[in-house]
Amino acid sequence: MSRIKQHDVDHFEEVYKFYMPLLHRFASQYTYDSGTAKDLVHDAFLWVWNNADKIRENGNLAALLFRLVRSNCLNYLRSLGIRDRNDVKYAEAMAEIDSLLEEPGMDDLGLLRHQWLLRALKLLPKRGREALELHFVRNMHTKAIALEMSVSESTVKTHLKRALKTLRDDMDEK
């Protein structure tokens with residue numbers, strides 16, 4: 001800790017190289033997204049560097065880093081709760097668009113959107129697609145989906161989040 005408090009760049013780099021893979025794996029268990037996990041770990045290291053003077057000399061650096069990463073992950077997951085409401089609205093809108101596109105007199109743009117949606121849904125992982133269909137097509141709640149799929153409610157939420165993120169990313173890409 002004393003070398004970090006003195007802003008010893010070489011020592012900090014050694015600490016980074018040693019702990020980065022461990023912390024990345026730890027953060028990935030929370031986020032299920034390697035890029036996000038890496039960003040959250042970087043934020044923890046940045047906090048240590050910028051706040052070295054606030055850290056106790058005899059403190060446990062590993063414990064501090066793991067606490068910071070865990071805190072960053074939990075804050076990130078809390079922020080997803082806000083985005084999830086938007087994802088639900090997005091998915092409902094997509095489902096409504098899909099039902100509208102099935103009506104007679106669909107124009108070329110409508111047909112392209114319809115084809116994109118069907119193709120995107122087919123590319124989703126099976127469990128994610130199943131969770132989306134149960135939620136948006138059969139209008140089932142998380143608890144009922146969990147019973148139907150024989151998984152926990154949090155697993156259903158994870159499947160929905162990932163599937164919606166994949167659809168959103170694909171749509172943004174297109």
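Glu 13 has a relative accessibility of 39%, so it counts as partly exposed. The model is predicted.

**Charged pairs**

Lys 17 has a relative accessibility of 57%, so it counts as exposed.

How many salt bridges does a search of the whole structure find? The search finds 3. Side chains of opposite charge can pair when their charged atoms come close.

| Asp 8 | Arg 3 | 3.1 Å |

Take the bridge between Asp 8 and Arg 3. Asp 8 is partly exposed, at a relative accessible area of 22%. Arg 3 is partly exposed too, at 39%.

Glu 130 has a relative accessible area of 24% and is partly exposed. Arg 127, at 31%, counts as partly exposed as well.

**Aromatic pairs**

The structure holds 6 aromatic pairs. One of them joins Phe 12 and Phe 45: the ring centres are 5.9 Å apart and the planes stand at 90°, so this pair is edge-to-face. The angle is over the 60 degrees that edge-to-face requires. The pair links distant parts of the chain. Phe 12 lies in helix α2 (residues 9–31) and Phe 45 in helix α3 (residues 34–50), 33 residues apart. Both phenylalanines are buried.

Phe 18 and Tyr 19 form another pair: their ring centres lie 4.9 Å apart with planes at 90°, so this one is edge-to-face too. Phe 18 is exposed, with a relative accessible area of 53%, whereas Tyr 19 is buried at 17%.

Which residues do ring pairs link into a cluster? Phe 12, Tyr 16, Phe 45 and Trp 49 are joined in this way.

**Positive phi**

Most residues other than glycine have a negative phi. Where are the positive values described here? His 7 has a phi near 60°, and so does Ser 150. Neither residue is a glycine.

His 7 lies in the loop between α1 (2–5) and α2. It is partly exposed, with a relative accessible area of 37%. Ser 150 is found in the loop between α7 (142–149) and α8 (153–173). At 66% relative accessibility, over the 50% cut-off, Ser 150 counts as exposed.

Is Ile 55 buried or exposed? Its relative accessibility is 10%, so Ile 55 counts as buried. It is found in a loop, the one between α3 and α4 (61–101). Beyond its neighbours within four places in sequence, Ile 55 is in contact with Met 1, Lys 5, Trp 47, Val 48 and Leu 64. The C-alpha atoms of Ile 55 and Ser 2 are separated by 9.5 Å, although the residues are 53 apart along the chain.

His 159 lies in helix α8. At 18% relative accessibility, it counts as buried. That is under the 20% cut-off. Which residues does His 159 touch, not counting those up to four places away in sequence? They are Arg 127, Gly 128, Ala 131 and Met 149.

Technical notes. Residues numbered from 1 in each chain as written. Predicted model: local features only at pLDDT ≥ 70, side-chain atom pairs only at ≥ 80, totals over all residues. Heavy atoms only, no water. Phe/Tyr/Trp six-rings, centres within 6.5 Å; stacked < 30°, edge-to-face > 60°. Helix = DSSP H or I, 4+ residues; strand = E, 2+ residues; numbered from the N terminus. Buried < 20%, exposed > 50% of the residue type's maximum accessible area, 1.4 Å probe, protein only. Salt bridge = Lys/Arg side-chain N within 4 Å of Asp/Glu carboxyl O. Contact = heavy atoms within 4.5 Å.
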